[in-house]
Amino acid sequence: MESLRIIDTWPVTTAAAAVVRADGTVLGTHGPAEHRFPLASVTKPLAAYAALVAYEEGAVELDEPAGPEGSTVRHLLAHTSGLAFDEHRVTAPPGNRRLYSNAGFEVLGDHIAKASGIPFAEYLRQAVLEPLEMASTTLDGSPARDGVSTVADLVRFAAEVQAPRLLDPRTVLEAQTVVHPGLKGVLPGYGHQSPNDWGLGFEIRGSKSPHWTGNSSSPATFGHFGQSGTFLWIDPVAGVACVALTDRAFGPWAAEAWTPFTDAVLAELS
């Protein structure tokens, strides 16, 4: 795909990108697909997928207590537990506001580790990474932000989410459906959004503006971006997913570059 070559114009040292269909067909790659990049918050969809495996295996229930009083596994996945951004401090009642929280995902990881008797990084490896042959992906700390992976591995994950084999498709559909509709909140890097739609571990584009996906992305588009200059989006209407990983921290350059890049990808596909 010619549109992927746009990453060569980005002000980064190293970048790689790919587009994949639901059937696993890779429509194009550009850049070093086997280069390992820190994912930052693109770690969260991987952690969420492992949490959903734990749910289907019966290790946890989505509506069982987890985190602050009144909070559940579902609240933690949807950033509505009330926990602060990067502190284990309660700042709102559960279900009241969309408070993007790294701390919430750390609590979630600890909760699953306790319920399963397996350290969360190992649970993620056994539940998601190994079955999908994501051999270059590791979690070396927080389930909120300490994943390291490659475009080649994330293409496998993006294909799985589009056509699930590890999970019941109904579970994945629930993960990409808004939890607690109508909640306002701040989307890091893009300011206050009303509503700030989120599913179970996946951010949902909806009507957000500005946004890191394309102007032509469907409202159903879901995924995540990371402060390490990384993103993964899945557009169910277009029937494709796109991964882009870089070695430069998110900033104004990314806000300016990512939207026209996504629009170019979608235009080439149409």
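Residues are numbered from 1 along each chain as its sequence is written, and side-chain values use heavy atoms, with hydrogens and water left out. Because the model is predicted, local features need pLDDT of at least 70 and side-chain atom pairs count only at pLDDT 80 or more, while totals for chains, interfaces and linings use all residues.

The structure contains eleven salt bridges (a side-chain nitrogen of Lys or Arg within 4 Å of a carboxyl oxygen of Asp or Glu). One of them pairs arginine 145 with glutamate 106. Their closest N and O atoms are 3.9 Å apart. Arginine 145 sits in the loop between β4 (138–139) and β5 (147–149), and glutamate 106 in helix α3 (residues 102–116), so the bridge ties together parts that are 39 residues apart in sequence. Helices (H or I, at least four residues) and strands (E, at least two) are DSSP runs, numbered from the N terminus. Glutamate 106 is buried, at 18% relative accessible area, whereas arginine 145 is partly exposed, at 33%. Buried means under 20% relative accessible area, exposed over 50%, and partly exposed in between (1.4 Å probe, protein chains only).

Arginine 125 forms a salt bridge with glutamate 122, with 2.6 Å between the closest N and O atoms. Both residues belong to helix α4 (residues 120–129). They are three residues apart, about one turn of the helix. Arginine 125 also meets glutamate 130 in a salt bridge, at 2.5 Å from N to O. Arginine 125 is partly exposed at 34% relative accessibility. Glutamate 122 is partly exposed at 26%, and glutamate 130 is partly exposed at 49%. Elsewhere, salt bridges with shared partners join Asp63, Arg74 and Glu174 into one network.
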